[in-house]
Amino acid sequence: MKIIKQLQKFKPAFWDHRDTSGSHPHTTFNFRQKWKLLVLFTSFMALLPLFVMTLVDFSLTRRIIEDEVKTSMSTILSSAATSISFSKDLKKSALDYIVQSYAGENNDVFIVNEDGALLTPSFYYGRPGTSNTFNVSLFNENSGIKEDVAPDGNPVIAGYARIPDSSLIFVLVKSKKWVTDLWLKPRLKLIWYLAVSIVLILLSIMGTATYLVGRIHLTDRKRTEALHHAEYAKKLASIGRLASGVAHEINNPLAIINQKTGLILDLFTLRKDFSSDDRLIPLAGDVLDAVTRCGSITRRLLDFARHMEPSIEMVDIREVIEQVLAFLKKDAEHRSIIISVDTQDVIPDFECDKGSLQQIFLNLIENAFAAMEDGGQLAISIKIKKKDGLIITVADNGRGIAADDINKIFEPFYSSKNDHWGTGLGLSITYGLVKEIGGDIMVKSKIGKGTLFTLTLPLKTEKKHKTAAKHSV
Amino acid sequence: MSKQNAINEISGIQAYHKFNISKKNTFEMPSRVLLVDDEKEFVLTLSERLQMRDMATAVVYNGKSALDLIHNDAPEVMIIDLKMPGIDGMEVLKKVKQTQPEIKVIVLTGHGSEQDKQKCMDLGAFAYMQKPIDINRLSETLKKAHENITADE
C-alpha cells in the first residue's frame with residue numbers, strides 16, 4: 001500500500017484528467033491513451049534495433065565459438081589419430097597413456113572399437129568392459145564431429161577419428177554445457193548491459209512522454225479555461241444587454257406613470273379642486289412610491305448591465321459592497337444571516353473597474369452564503385494598508401474548506417466534493433478579476449469554523465472624483 | 001391656441017407650445033423652459049406640472065424642432081431627452097452650446113449610462129438626470145439653473 005502511495009506522487013496531472021465540461025466536445029482528449037501510445041511507439045522504435053543487434057550478435061558469437069571449439073577438436077583428433085596409428089600395436093596401458101595425454105580439463109578422450117565398446121576409460125561413458133557403448137552408427141566417415149547425449153543425459157559434442165589401418169576409433173567428447181558457457185558467459189554480461197540500457201531508455205522515453213503530454217495537457221487546460229472565461233463573460237454580457245434593454249423600455253412608461261400620477265397629485269394639492277376625498281392623495285402617493293421602487297430596480301439593472309463592460313471609474317468601495325449586499329439582502333433576510341460591514345479607516349475613492357469589484361464581492365459573498373447554515377454570520381471589514389492599498393476581508397462562520405482543497409479552490413473547474421461551489425468557476429473568475437485590477441486574494445479556512453478571504457487592492461489617486469462631483473447636481 | 005397649432009403644422013413644427021407666460025413668474029424659477037422629448041404623454045404632463053409650479057414652458061417632440069425654436073425664441077433652460085428620432089439629445093446639446101451657450105441644458109433620460117453622463121457634462125450640460133424623475137428634484141434643479149443664470153448676469 002505504501003508503495004502505491006509513493007507511486008501516486010509520480011502520477012502526472014493528466015493521468016486522471018476527466019473532461020469536466022460536458023458541453024465542449026472539442027476538449028475531449030484522452031491524455032492517458034496518448035501517453036501510452038507515445039511510450040509504446042517510441043519504445044518499440046528505440047528497442048527493436050537493439051534487440052535485433054543483440055540477437056544477431058548472440059547467434060553469431062555462438063556459431064563462431066562453436067566453430068572454434070570444433071576446429072580445435074579436429075586438430076586434436078587428427079593429431080591423436082596419427083600418433084595412435086603409429087603405436088597401435090603397443091600395450092593397452094601405453095595406449096591409455098597416449099590417449100590420456102590428449103585429455104584436458106574439458107576433454108573426455110577414449111578409444112572405442114567398431115562395435116562401440118570402450119577400450120580406454122571415459123569420463124562420460126564409463127570404464128572399459130561396462131555395458132556402456134558408444135553409438136558408432138554416428139561415425140560413417142573417417143572423422144567428424146557429431147552431437148550426442150551422454151548416458152547421464154548431458155548433451156555432448158563428440159569428435160571422432162578412425163585410426164588409420166585399424167578398426168579403432170579415437171573419440172573426443174566435450175560437454176556441450178562447457179561450450180555453451182564459453183560463449184554464454186561474456187554474452188550474459190552483454191545482456192546485462194542490454195537490460196540496464198533498456199530500463200534507462202524506457203525511463204527516459206516515459207519521462208519525455210510524461211513531460212510532453214503534461215505540457216499538452218496544461219496548454220489544453222489553459223485554453224479550455226480561457227474559453228470558459230470568454231464564454232462566461234459573453235453570457236454575462238448578453239444578460240447585461242438584456243437587462244439594460246428591459247430597463248430602458250420600462251423606464252419610459254414608468255416616467256409617464258410618474259408624471260401622470262404626479263399631475264393628479266398636483267391637481268389635488270396645488271389647485272385644491274378635488275380635495276374632497278382624503279384617500280386620493282395617499283393613493284397617488286402610493287403609486288409614486290411604487291414608481292420610485294420600480295425606478296430603483298431599473299436603475300440597478302442598468303447599473304449591472306453597464307458593468308458587464310470594463311470601465312475604469314472612481315469607486316467608493318463601501319458603496320460597491322452595499323450595492324452587492326442589496327442584491328443579496330432578500331436571501332440574507334430569508335436565511336437570517338447577519339451581515340456586518342466594518343470600516344475602520346476613512347476609505348478614499350479610487351480608480352477601478354466597478355463591474356469587476358461588484359463581481360468579486362458578489363462571488364465571495366455568494367460563496368460565503370453557500371457555505372453557511374441559516375443564521376450564520378458574515379463579517380466584511382475594510383482597512384487601509386500603508387496608504388497605497390486596501391485590505392478587505394470577507395469572513396464567514398460556515399463549514400470551512402478542507403486543508404487538501406484549499407490550495408485548489410482558485411483553480412478553474414475545481415469544485416469541493418460537496419459541490420457547494422457550483423460551476424467551480426466562481427472563485428477562479430474572482431481570482432482572475434482580482435489579478436486584473438492589480439490586487440491579490442488569499443484564503444484561510446478551518447473546517448467547521450469558517451473561511452476568511454483576504455483581498456488586497458491597490459489604491460490609486462482620487463483626483464478625478466473631485467471634478468465629477470462638481471458637475472453632479 | 002388652435003390658430004397657433006395650424007401655423008405649426010404648416011411650418012412643420014410639431015405641437016409647438018408658445019411659452020405660457022400667463023402665470024405670474026416668481027423670481028426664483030426660470031421663466032422660460034423648453035421641454036424636448038419624443039414621448040408625448042410624458043413631456044406634456046411634465047410641462048403641465050411645471051406650469052403649475054409657475055414656470056412658462058414649451059414642448060417640442062424632436063431635436064430639429066427644438067433647434068428651430070430656440071433660434072427665434074431662446075428659453076432660459078432646456079430639458080432634453082437623449083434618445084430621440086432624427087437629431088438626438090446629444091447633438092442638440094452640442095449645437096445649443098455652440099450657438100447659444102447661455103441656455104442651461106438639463107439632460108433627462110431613461111437611457112443613462114456613466115459614459116453618457118460624462119459626455120453630456122463635458123459638452124456643458126447643466127445637469128444629468130434619469131427618468132423616472134421626481135418633480136421636486138427637477139424643480140430644485142431648475143431653480144439652481146435659474147440662480148446660476150442670475151449669478152452669471
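The structure is a predicted model, in which local features need pLDDT of at least 70 and side-chain atom pairs count only at pLDDT 80 or more, while totals for chains, interfaces and linings use all residues. Residues are numbered from 1 along each chain as its sequence is written, and chains are lettered from A and ligands numbered from 1 in the order in which they are written.

User: How many helices and strands does chain B have?
Analyst: Happy to start there. Helices (H or I, at least four residues) and strands (E, at least two) are DSSP runs, numbered from the N terminus. Read from the N terminus on, the elements of chain B go α-β-α-β-α-β-α-β-α-β-α. The count for chain B is 6 helices and 5 strands.

User: What percentage of the 153 residues in chain B is buried?
Analyst: A residue is buried if 20 or more other C-beta atoms lie within 10 Å of its own, exposed if 12 or fewer, and partly exposed in between, with C-beta atoms placed from the backbone. For chain A, with 473 residues, the buried share is 25%. For chain B the buried share is 44%.

User: Are helix 3 and helix 4 of chain B roughly parallel or roughly antiparallel?
Analyst: Axes are lines fitted to C-alpha atoms, for helices over the stretch in contact, and angles run from 0 to 180 degrees between N-to-C directions. Angles under 35 degrees count as roughly parallel, over 145 as roughly antiparallel, 65 to 115 as roughly perpendicular and the rest as oblique. Helix 3 (residues 63–72) and helix 4 (residues 89–99) of chain B pack at about 20°, with axes 9 Å apart. That angle makes helix 3 of chain B and helix 4 of chain B roughly parallel.

User: What is the handedness of the crossing between helix 6 and helix 7 of chain A?
Analyst: The axes of helix 6 (residues 317–334) and helix 7 (residues 354–371) of chain A come within 9 Å and cross at roughly 40°, so these two helices are oblique to each other. A crossing is left-handed if the near helix is turned anticlockwise from the far one by less than a right angle, and right-handed if clockwise. Helix 6 of chain A passes helix 7 of chain A in a crossing that is right-handed.

User: Which element of chain B gives the largest share of the side that touches chain A?
Analyst: In this interface, 20 residues of chain B are in contact with 21 residues of chain A. Elements of chain B giving two or more residues to that side are helix 2 (40–52), helix 5 (114–123), strand 5 (127–130) and helix 6 (135–152). With 7 residues, the largest share comes from helix 2 of chain B.

How values were computed. Two residues are in contact if their C-beta atoms, placed from the backbone, lie within 7 Å.
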